[in-house]
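This note sets out comments on the model shown below. The points are numbered so that each may be read against the structure.

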Amino acid sequence: ISLPFAWVYLFPSSLISFSKSIISSLGFASNFYFHASGQQYGAEDSLVVPFLHTWSLSVEEQFYILFPPALLVTFRYFRKYLGVLLISSFFISLLLAEWGSRNYPVFNFYVIPTRGWELLAGSILAYYEIQLGHRSKNKILNFILPSIGLFLIGYSVLFFNDEVVLHPSFHTLIPIKGVCLVIWFSQKHEIITKMLSSRLLVGIGLISYSLYLWHYPIFAFYRIANPGE
């Protein structure tokens with residue numbers, strides 16, 4: 001659907017780049033393509049790159065391709081160390097991200113070694129829920145911490161920007177902690193769970209992946225077609 005709009009609105013050189021971005025996104029490698037082409041996410045010229053948002057989908061798919069075989073090998077030969085290996089991988093990836101954010105910020109932004117810890121955070125929660133057979137049963141913590149988690153997420157949305165905060169880095173721990181607190185401590189009758197379980201928010205959640213796929217090319221082509229706005 002994007003191709004006809006690209007044919008109408010893009011100059012030949014931009015159309016070539018757009019075609020390359022399509023090919024790379026189909027191969028789950030657009031993060032490498034956009035890094036190689038010098039495209040910095042959040043820069044003004046990135047607002048008119050229709051498929052730039054597919055970098056994160058590529059990172060996710062690379063994780064989903066690499067993580068299962070690594071998990072199977074670990075589960076077969078090092079099963080009793082699985083929790084330790086997950087946590088160790090988390091911290092190694094996080095430390096790489098912090099170092100990379102200060103030395104190679106563009107490369108750091110796009111690649112799985114410095115993004116893996118964000119996904120491993122969820123893997124660690126899943127591992128311990130399976131090991132324990134449940135999530136938190138502490139009523140006081142279950143009452144307090146989901147609200148703190150939601151606050152950390154909201155704080156990140158409102159106050160993080162590319163000029164002040166490098167991503168991913170130690171700063172990125174703030175929203176990740178927030179998400180983990182909501183997941184681990186939310187309970188059926190707790191207020192944050194009730195709010196997040198509302199029909200409106202669940203409905204948005206169900207279409208959120210599609211919204212993410214569609215929003216960037218729509219906005220990008222609108223900006224291209226209306227350069228003065």
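**Comments on the predicted model**

1. Glutamine 62 counts as buried because its relative accessibility is 11%, where buried means under 20% relative accessible area, exposed over 50% and partly exposed in between, with a 1.4 Å probe and protein chains only. This residue lies in helix H4; helices (H or I, at least four residues) and strands (E, at least two) are DSSP runs numbered from the N terminus. The glutamine 62 side chain reaches the backbone oxygen of phenylalanine 28 at 2.8 Å. A polar contact is a pair of N or O atoms within 3.5 Å; within protein, one must be able to donate a hydrogen and the other to accept it, and residues adjacent in sequence count only if both atoms are side-chain atoms. Leaving aside residues up to four places away in sequence, glutamine 62 touches Phe28, Ala29, Asn31, Phe32 and Ile112, contact being heavy atoms within 4.5 Å.

2. On the basis of the values: this is a predicted model, in which local features need pLDDT of at least 70 and side-chain atom pairs count only at pLDDT 80 or more, while totals for chains, interfaces and linings use all residues. Residues are numbered from 1 along each chain as its sequence is written, and side-chain values use heavy atoms, with hydrogens and water left out.

3. Regarding the overall fold, the chain holds 11 helices and 0 strands. Its C-alpha atoms fill a box of roughly 60 × 45 × 35 Å along the principal axes. Of the 229 residues, 36% are buried. Among contacts between residues at least 6 apart in sequence, 71% join residues at least 24 apart.

4. Does the span of helix H2 (residues 12–26) agree or disagree with its 15 residues? At 1.5 Å a residue the helix should span 21 Å, and its end C-alpha atoms are 21 Å apart, which agrees; the expected span is 1.5 Å times one less than the number of residues. Phe18, Ser21, Ile22, Ser24 and Ser25 are buried in H2, and the buried residues of this helix pack against helix H1 (2–9), helix H3 (30–36), H4 and helix H11 (199–225).

5. Serine 156, in helix H8, is likewise buried, with a relative accessible area of 9%. A polar atom of the serine 156 side chain lies 2.8 Å from the backbone oxygen of leucine 152. Beyond residues up to four places away in sequence, serine 156 touches Ile174 and Pro175.

6. Glutamine 131 belongs to helix H7 and counts as exposed because its relative accessibility is 52%. Glutamine 131 and glycine 83 are 48 residues apart in sequence, yet 9.5 Å apart in space, C-alpha to C-alpha.

7. The largest pocket is lined by 19 residues, with Trp55, Ser56, Arg115, Glu118 and Thr172 nearest its centre. Helix H4 (54–77), helix H7 (112–132) and helix H8 (139–159) each supply at least two lining residues, and H4 gives the largest share, 4 residues. On a 1 Å grid over the protein atoms alone, a pocket is an open set of points where a 1.4 Å probe fits, with protein on both sides within 12 Å along at least five of seven lines; lining residues have an atom within 4 Å of a point.
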